[in-house]
Amino acid sequence: MHLKNTGNSYGLVSILLHWLVALTVIGLAILGLWMVDLSYYSPYYRSAPFWHKSIGLTLLAVLVARLLWRWINPRPAHLPNHKRWETSVAGVVHGLLYLMLFVIIISGYLISTAKGQGISVFGWFEVPALVTGLSNQADRAGAVHYWVAIGVLGLAALHALGAFKHHFIDRDDTLRRMLGMRARHLTDSKEKQA
């Protein structure tokens, strides 16, 4: 497998970045929904938000890296059986996912810095509180953070359904390419030659 994308397949870097973002977003959503119900006396009352914030800010760096990689390393061509509306919908969903993830991270930052305190990232360094004291900053940013996160989960589910539709109904290589698997049509053609 190549590190970079080719005209027909995703490279290892693109595949790893895709799944790293996907698993991180799911993990952060689960952690976020769990930690809001913790009581002050829970042993995780302080540690859960610490991990949520640290991982969330690390996700920001991964997203920027993924966008830069995508810019310098164009993705493979669409498969020939993809209809124009499918590629358009996929483009809109991808764009919205990126935009909404950045909104979630920025709103999370605004929640955490509302009282003027910076955010410790794994205890390695601190991201300073640059924006503080806005009217109801934590509450407004919290509402945006929650609802946009719910929206991301919905779009991610739509994205996954699209991949399953291509795999099980259209029987094309869309999902196989993002899993780093060999394309079906190459395997089929080799079997016919044997």
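Mentor: A salt bridge here is a side-chain nitrogen of Lys or Arg within 4 Å of a carboxyl oxygen of Asp or Glu. Keep that cut-off in mind; this is a predicted model.

Trainee: Which side chain of opposite charge is nearest to Arg 66?
Mentor: Arg 66 lies in helix 2 (residues 47-72). The residue is buried yet has no salt bridge. The nearest side chain of opposite charge is 16 Å away, and that is Asp 172.

Trainee: Which residues does Arg 66 touch, not counting residues up to four places away in sequence?
Mentor: Arg 66 is buried. Its contacts, with that exclusion, are Leu 17, His 18, Val 21 and Tyr 98.

Trainee: How many salt bridges does the count come to?
Mentor: Glu 86 meets Lys 165 at 2.4 Å, N to O. Lys 165 also meets Asp 170, at 2.7 Å. Asp 173 pairs with Arg 176, the closest N and O atoms being 3.9 Å apart. The count comes to three.

Trainee: How many residues apart are Glu 86 and Lys 165?
Mentor: Their side chains meet in a salt bridge. Glu 86 sits in helix 3 (residues 84-112) and Lys 165 in helix 4 (residues 137-169). The pair links distant parts of the chain, 79 residues apart.

Trainee: Is Asp 173 buried or exposed?
Mentor: Buried means under 20% relative accessible area. Asp 173 has 5% relative accessibility, so Asp 173 counts as buried.

Trainee: How many aromatic pairs does the structure hold, and is the pair of Tyr 40 and Tyr 41 stacked or edge-to-face?
Mentor: The structure holds eight aromatic pairs. The ring centres of Tyr 40 and Tyr 41 are 5.4 Å apart. Their planes stand at 90°, so the pair is edge-to-face.

Trainee: Which residues do ring pairs link into a cluster?
Mentor: Tyr 40 and Tyr 41 are both exposed. The cluster has other members. Ring pairs link Phe 50, Trp 51, Phe 122 and Trp 124.

Trainee: Which element has the lowest mean pLDDT?
Mentor: The mean pLDDT of the protein chain is 92. Strand 1 (residues 119-121) has the highest mean among the elements, 98. The lowest, 46, belongs to helix 6 (residues 184-193).

How values were computed. Residues numbered from 1 in each chain as written. Predicted model: local features only at pLDDT ≥ 70, side-chain atom pairs only at ≥ 80, totals over all residues. Heavy atoms only, no water. pLDDT = per-residue confidence, 0-100. Helix = DSSP H or I, 4+ residues; strand = E, 2+ residues; numbered from the N terminus. Buried < 20%, exposed > 50% of the residue type's maximum accessible area, 1.4 Å probe, protein only. Lys, Arg positive; Asp, Glu negative; His and termini not counted. Contact = heavy atoms within 4.5 Å. Phe/Tyr/Trp six-rings, centres within 6.5 Å; stacked < 30°, edge-to-face > 60°.
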